[in-house]
Each structure stands twice: as C-alpha cells, then as structure tokens.
Amino acid sequence: MRRILLTALLLTGASSPAGAHAMLEHASPGAGAVLRVTPKSVVLDLSEALEPAFSSVSVSDAAGRDVSAARMVVSGDTMSIALKPLVPGAYRVTWHAVSVDTHRTQGSYTFVVKP
Amino acid sequence: MFNSSLKPFACALACATLFTMPASAHGILGDRFFPATITSDDPFAADELALPTFSAFRRGDGGPATSEKDYDFEWSKSIAPGFAISFAGGYIDTPSGKGFDNLEITPVAEVIRDPDREFILSAGVSFDIGRSGSRAVADSFTTYTPEVLFGKGFGDLPDDMALLRPFAVTGTLGYAIPGTSVTSRSVEWAGALEYSLLYLQNNVRDQGFGKFVAQLTPIVEFSMETPTGTGGGGTTGTVDPGLLWSGQYEQLGVEAIIPVNRATGRNIGVVAQLHFYIDDMFPDTFGRPLFGGAR
C-alpha cells in the first residue's frame, strides 16, 4: 500500500509542466464585489499561460452593452481589459481562456458600482 | 477471438462510437468544474486515473459483520471526444478470503452536453467480467449493468439564490443483470451533492479564500442497491460525506462510509482516493483521445 501511494505521488511530482486547464486564480474586481470607486480595468490571473488568439474577456452593463475602452491584453497567464468610466450599476465579466495546450475554460461573474 | 462475455461489450463499444458529442474534458462544463467522485460514477468521459482508492468498512450482508479492506484502481481512457472506456479492479482483503476482484470494463458516451445549463447526460454499460479475479473473493459469473449518468450544476439559479449556485448534483441509475439465476437482478442508484468553493469564489462572490481552500469541494455521496427479484433482500447502501481537494493535475478525497441499515453493515468506515487528471498531465500523448483529439 505504501509503495503504491509513493509511486503515485512520485508520478504527480514527475509530471512534466505540459500545461493544463487554465483556472481563474484571482480577479480584480472580484466576483460579487461592491465598489465605491469605479475600476479602470478588469484583470484576470489564470493558472496557465494563454493563447491570446483564442482567449477573450468582455465586460457588459445590465443592458448587455459593452463597456470596454480598448482591446483585451493577454500577457502570459493574465488577461486584462480597460474600461470606460462606469456609472453606478451592475456589470458582468465574461471570460474564455484557451491554455497553450489548447484546453478551454470559461467563467463569468458580476460586480456592482455604487454611487 | 472474443470471449463470449466480451461480445456484448464489443457491440456497446461500436454503438456508442456513433453517438458521441464533442467534449472538453476532465469534468469542465461551462463555467463549472465537476470533481471526480469516489463512491459513485461521474458522467464525464475523460482521461483519468484513480490510484489508489482505499476503503475500510464492516460489511453486514445480513449476518455477522465482517471487516473488509479494498485497494482499488480505475483507469479511464478517452477513445474519441465524448467517449471513453474505463478499466477498474482491485484487491479485496477480508478475514474469510483475500484476492483480486473481477476486472470491470465500462464504456461511457456523453449524449447531451449543455454548458449554458451546466447539464450533462451520459450512457454506459458496465461489464464485471466473471472469473477474471480470484475465486476466493470475486464472482464467477459476469454481470452486465446498463446505466445512465447525469450531472447538473445550479449556476442558472436567479440572483436572489446566488449563494446556492455553487451546488451541483451528479447521479447514476443502472440495472445490474448477473449472468446467473442464483443472484437477483438489482437497481443500482447512486449520486452526489457537492458545493464548489471554487465556483463560489470565481463566479458568485470572492470570499478571499487562499488557493488551497478555493480548491476544496465539500461533498455527500450515496451508493445504493435494490434487488428486484424475490429473495433478493431489501435495499442496502451507504451515505458518504467528505471533502475533495482538486489541483491542476491531481485530486485527493476522503469520505466517511455510513451504512444506511444493518443489512449493509455496522460502524462507520472510510474511503480515501488519489486521482490523476491524465488529460492535463499528458495533453499531447496519453491524455488525448485516440481518435479525433481536437479539443
């Protein structure tokens, strides 16, 4: 039993950094955030390096209108998008990520800007 | 040349190949990650390895309770996107006998995959190959179990129920058909209720969890069997509450095994599992489908 577990753990440690599904590790603003100060951008930190051509992030208001001020920027494992000045209300962040080994992940969340 | 026990398996394999859907992998459906479950099957056809799964409990079987330790493995290999075959087996250790259990082969095909509703429906057939294991502990006959499996995440709940969105359920319903008249046929039903802290953190409300905590999933599984023939006895089964931790390449899980009645067993047992996501560990080789590997 000990040999099996040790072998399994060694396999885990020895697995090559071939890439994996890019999971969201940190977002700013975060999911469900209630903000008094308008954010200038949304920044998403993922667990894997991304393929810029196949990854995307968008921010929309409650009516579904895009509130981004510029094109998305991908740098390594980070996606960011600059925002127009936001009025008080609810906003939705929607992201799709393709890691360098072509695994796809996605997510979405909302944040609120208070007056 | 085919063993007669394997002919139905070959037919199921050929038929399932015709009805597969394109798939991502590894329990990811829309915004949700479904972790691999331990005592019940999950509905995803993916490249995974559960090695080892260790369980210890006292089995009832209607008579004096006997202790049993199982050391199991399960390897699932994707053949085409949305279609995989798993091979499972293990070593059984009881006071009355020890030895290897029968090999169980299960092709599974994902039939419906709805990322927006976080819903998946799959179908499979399990073949417990008689006489492939030790005579001391394993059945001498083959048992065929057609089954349907599903998974549903609750990410589509309305905003005023947002804190319930991290919940998800998975379930299986199968009909075990033993290749002998001595043992009754039975309905096998199992499932899991899970609450994803990762989903809460990333899709509902950032709780400020550290990386380790965010990767935890509290879970309650159940695994039940209801004989349908006369003389087969009543329903037996267990309820298994526990905790899963899912990393990029591996998952650790520990659950208590709680018998639902004396016929199942006495005392609380335990099951622990180390699980590997082969599709992430080896995405260009072992972890991709044999055919049609585009993701």
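Mentor: We start with a definition: buried means under 20% relative accessible area, exposed over 50%, and partly exposed in between (1.4 Å probe, protein chains only). This is a predicted model, where local features need pLDDT of at least 70, side-chain atom pairs count only at pLDDT 80 or more, and totals for chains, interfaces and linings use all residues. Residues are numbered from 1 along each chain as its sequence is written, chains are lettered from A and ligands numbered from 1 in the order in which they are written, and side-chain values use heavy atoms, with hydrogens and water left out.

Trainee: Is K211(B) buried or exposed?

Mentor: The relative accessibility of K211(B) is 53%.

Trainee: Which residue forms a salt bridge with K211(B)?

Mentor: A salt bridge is a side-chain nitrogen of Lys or Arg within 4 Å of a carboxyl oxygen of Asp or Glu. K211(B) lies in helix α3 (residues 211-214) of chain B and its partner in strand β1 of chain A, so the pair joins two chains. Helices (H or I, at least four residues) and strands (E, at least two) are DSSP runs, numbered from the N terminus. The closest N and O atoms are 2.9 Å apart, and the partner is E25(A).

Trainee: In what order do the four strands of the open sheet in chain A stand?

Mentor: Two strands pair if DSSP finds at least two bridges between them. The pairing in this sheet is antiparallel, and β1 (24-28) and β5 (73-75) of chain A are the edge strands, each pairing on one side only. The order is β1-β3-β6-β5.

Trainee: What is the bridge partner of H26(A) in β3(A)?

Mentor: Strand β3 (residues 41-46) of chain A runs antiparallel to β1(A), and four bridges join them. For H26(A), the partner in β3(A) is D45(A).

Trainee: How many residues apart in sequence are the parts that R32(B) and E118(B) tie together?

Mentor: The side chains of R32(B) and E118(B) meet in a salt bridge at 2.7 Å, N to O. R32(B) lies in strand β2 (residues 32-33) of chain B and E118(B) in the loop between β7 (104-114) and β8 (119-128) of chain B, so the parts they tie together are separated in sequence by 86 residues.

Trainee: How many salt bridges are there over all chains?

Mentor: One of them is the pair K152(B) and D156(B), at 3.2 Å from N to O. By the same rule, the count over all chains comes to eight.
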